[in-house]
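This report examines how charged side chains pair within one protein model. Please look at the structure first.

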Amino acid sequence: MSWMNELISVYNRFAECNASDASLLPISHSTAKAQIQVTLDEDGNFISADTVTKEEAETIIPVTEDSGTRSRGICPMPLADKLIYIAGDYSKYAVGKKADNKDYFSAYIRQLKQWSESEFSHPAVTAIYRYLSKAQIMCDLVNAGILKCENKTGKLEEKIKISGIAQEDAFVRFCVNYVDLSKSNETWKDCSLYEGFIGYNRSRMNNIQLCYATGKKCLVTYKHPHKIRNSGDKAKLISANDESGFTYRGRFKNKEETISVGYEASQKMHNALKWLIARQGMSFGTMTVVAWTQTLEKLPDLTKNPIDWKEEDDDFDNNEVVIDSGQQYKELIQQMIFSYRSKLKPNTKVMIMAVDAATTGRLSIAMYAEWEESRFYHNLERWHTETATLRYNRKKNCNEICSFGIYDIANSAYGTEQNERLVCDKNVFSKVVLRLFSCMTEGTSLPADIMMCLYYNASNPSAYEKNYNHRQVLETACGMIRKMNIEKKKGVISLAYDPNETNRSYLFGCLLAIADKAEREAYEEEDRNKRVTTARRYWNRFSQNPYQTWQRIEEHLNPYFDKLKEKSVYYQVQIQKIMDKMTLESFEKNQTLEPEYLIGYHHFMAYMYSENKESRKEGKIE
């Protein structure tokens, strides 16, 4: 259970009572959204009440084993709670099946009294107990104008809501104004109140067994917290309360034989995970991924590429420098990784954890891995070096060397055009993310099905209404083909057009690029982004039957060459240069092209545009 130990270690290292940042919750505490705030004096007298804005609603509350996991039945919170629990005069104003809250209030006030009379009591607890014992909070809230009642019946108006919550379901928190003005009056930020309840709650527990997480005998629990991914999350990581649903039956006699976790270990582990997710978690549909180091130093964003890291890092000069060589890009990756690694101690571990919920009640660990920081960064550097390719940068309006983040790959492989952008289905995306994270951080091979999806998508430009979406798919496919070739030990593919390349598929890709660009250049300016070239119409067929399809594409080029006049010489010369590199046998061999043909197309298209720019500077091409 190394993940448990690592999370407990995070808690022990970083848990400090800090009212300004108490998201790393104290043990025996959780959070709730409050709608009403009641202010009392130290003697338990009502002073005022206000509604709470949604932005300030998050409230830290003490919880017992039972109330921290309540879903049904009567199970009061120790201090702050809903009106149905804390209001002794609730039935005078509420309507509906639960208007009679006698059992709710009795359970709440009895529990609060026990804490108030214990050795772990606190002035705020005593003040709140004294006030609520008067059973007049509903009346005070109505008089203060917080709760609205109907004139005829005197009951709460059903249509009125407070911050989107029905009046009778409102959650109430308390402020206590002390005589000593140096004390904080906000009970949900009072560290001494936290400690008081922790001691009180510990004194009431007596179930001592072996903790599987720490290996020590201590107070254990079988009721573990939820609200792990967000405040509305009901799914639990650890649960053994379903005796009729065969959670453990058939293997064990009872839940005590399945797993036993120390209460404080469970609280620390869950609170640390909640904190990490709130602090640096990444959400992909129902799945949440969090990566951290033992010292919580900043890690690079695994969903992005090093150029994006550079733009987000204030330590780097983010001027408009175009990275146009593989060596430049490799140096950038090394500089960025050194920037992150230099802040870590030697042999620091890096952890990554993904949790997902197939149902609303159960949270699974979809992935957990840990590495020495040296191995983690080595694999990350290798990924971004091997997947780098020439990509169009819209901001700089030029091509530059860059690798790919998670979104690029998933959207290109499985995305569809939505609002003119490629978007991958959330459920599919979360599965792709896990597999790609393994490739990035563990150095595993690129999944073959993802590679094939990219290949087929890039070979079918007619499936995209926008050319820039197909270009994104094509660039992504080229990057992954480079990665695949290295994995299969076929050698490293260059990052730009290689005039010495004799690979048949690569050369056919170059021919396709020439035909595409020549025809497009013959169009009128206003038609270039509207009309589809012959090369693009026949692209998919070309990838399957290159020899026969090329003959048809070449025939269609003749009228466009006529229109281009002397400019057509450039393209005819380029076609001849490419064909001179192929033997007659390889040219006429009507065999399906390998994925490298996409790189040939991509490289030669970029080569022609760059060559034309240089020629225009010299006045050779108008």
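## A pair in one helix

The side chains of Lys-483 and Glu-487 form a salt bridge, with 3.7 Å from N to O. A salt bridge here is a side-chain nitrogen of Lys or Arg within 4 Å of a carboxyl oxygen of Asp or Glu. Both residues belong to helix α14 (residues 467-487), where four residues of separation amount to about one helical turn. Lys-483 is buried at 1% relative accessibility, while Glu-487 is partly exposed at 24%. Buried means under 20% relative accessible area, exposed over 50%, and partly exposed in between (1.4 Å probe, protein chains only).

Shared partners link Arg-382, Glu-386, Lys-483 and Glu-487 into one network of salt bridges.

## Basis of the model

This is a predicted model, in which local features need pLDDT of at least 70, side-chain atom pairs count only at pLDDT 80 or more, and totals for chains, interfaces and linings use all residues. Residues are numbered from 1 along each chain as its sequence is written, and side-chain values use heavy atoms, leaving out hydrogens and water.

## The other pair in the network

Arg-382 and Glu-386 meet in a salt bridge of 3.2 Å, N to O. They lie four residues apart in helix α10 (residues 373-386), about one turn of the helix. Arg-382 is partly exposed, at 32%, whereas Glu-386 is buried, at 11%.

## A pair across the sequence

Lys-349 and Glu-6 also form a salt bridge (2.7 Å, N to O). Lys-349 is in strand β14 (residues 349-356) and Glu-6 in helix α1 (residues 2-14), so this pair ties together parts 343 residues apart in sequence. Helices (H or I, at least four residues) and strands (E, at least two) are DSSP runs, numbered from the N terminus.
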